[in-house]
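Thanks for coming. I will go through one structure, starting with its aromatic rings and then turning to the fold and the core. Please look at the model first.

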Amino acid sequence: MNELLGYRESAFLMLFENKFLNEDFDELFETAREIECINLGSKTRKLVWDVLNNNDHINEIIQSYSTTRAVSRIPKLNVTVLSIGIAEILYGYNIPVKVAISEAMKLVDKYGLEGDVKFVNGVFGSFAESL
C-alpha cells in the first residue's frame, strides 16, 4: 500500500498535472482518484479550489513580482508552487507567511531544479516584503 501524501503535495501534483490537462475541478479530482497515494481530503480540495478559482489574481501577483519574465514564460512547476504558497497566504489558511513559503519551497526543493529554487524564493521574498 502506498503512503498517502500530504495535502499540499497532493494539491501540487494535481495542479501541476492540470497545467497540461486543463480539467475542471470535478474532472481533476476524478483523475486523482486513480492514484492511490493522492490525498483527496478537505484541505487538498480547498487548496486546489482556491488556486483554480483565483488563478487570474494569483497570476497577476506572480507577474508583479517576477521582474525577469512573464508568467507565460515561467516554468509550470514554478507557477504551481508559487500559486500554492500565495493561496495559502491570502485565502484563509491561518498559516504564517514564513511557514507557507517554507512549505512551498519544500516542493521546489523536491521537484525543481537549482534555478527554480532561486527564482521561486526571489518571487516569494518580494511578495512577502509587500505584505
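A search of the whole structure turns up six aromatic pairs; rings of Phe, Tyr and Trp (its six-membered ring) pair if their centres lie within 6.5 Å, and planes under 30 degrees apart count as stacked, over 60 as edge-to-face and the rest as tilted. One of these pairs is F16 with F20, edge-to-face, at 5.3 Å centre to centre and 85° between the planes.

Before going on, a note on the source: this is a predicted model, where local features need pLDDT of at least 70, side-chain atom pairs count only at pLDDT 80 or more, and totals for chains, interfaces and linings use all residues. Residues are numbered from 1 along each chain as its sequence is written, and side-chain values use heavy atoms, with hydrogens and water left out.

Back to the pair. F16 and F20 are four residues apart in helix α1 (residues 7–21), so about one helical turn separates them. Helices here are DSSP runs (H or I, at least four residues), strands are E runs of at least two, and both are numbered from the N terminus. F16 is partly exposed at 26% relative accessibility, while F20 is exposed at 55%; buried means under 20% relative accessible area, exposed over 50%, and partly exposed in between, with a 1.4 Å probe and protein chains only. Ring pairs join F12, F16, F20 and Y111 into a cluster.

Two rings also have a charge over them, meaning NZ of Lys or CZ of Arg within 6 Å of the ring centre and within 35 degrees of the ring normal. K46 has its charged end over the ring of Y93, 4.5 Å from the centre. R69 does likewise over F119, at 4.3 Å.

Now the fold. How many helices and strands does the protein have? There are seven helices and zero strands. The C-alpha atoms fill a box of roughly 40 × 30 × 30 Å along the principal axes, and 44% of the 131 residues count as buried.

Last, the core. In soluble globular proteins, nonpolar side chains tend to be buried together. A nonpolar core is a set of buried Ala, Val, Leu, Ile, Met, Phe, Trp, Tyr and Cys residues joined through side-chain atoms within 4.5 Å. The largest one has 41 residues, and L47, V48, I62, V81, V120 and F124 touch the most other members. The largest share of this core, eight residues, comes from α5.

Setting aside neighbours within four places in sequence, V81 contacts F12, A104, L107, V108, V120 and F124, where contact means heavy atoms within 4.5 Å.
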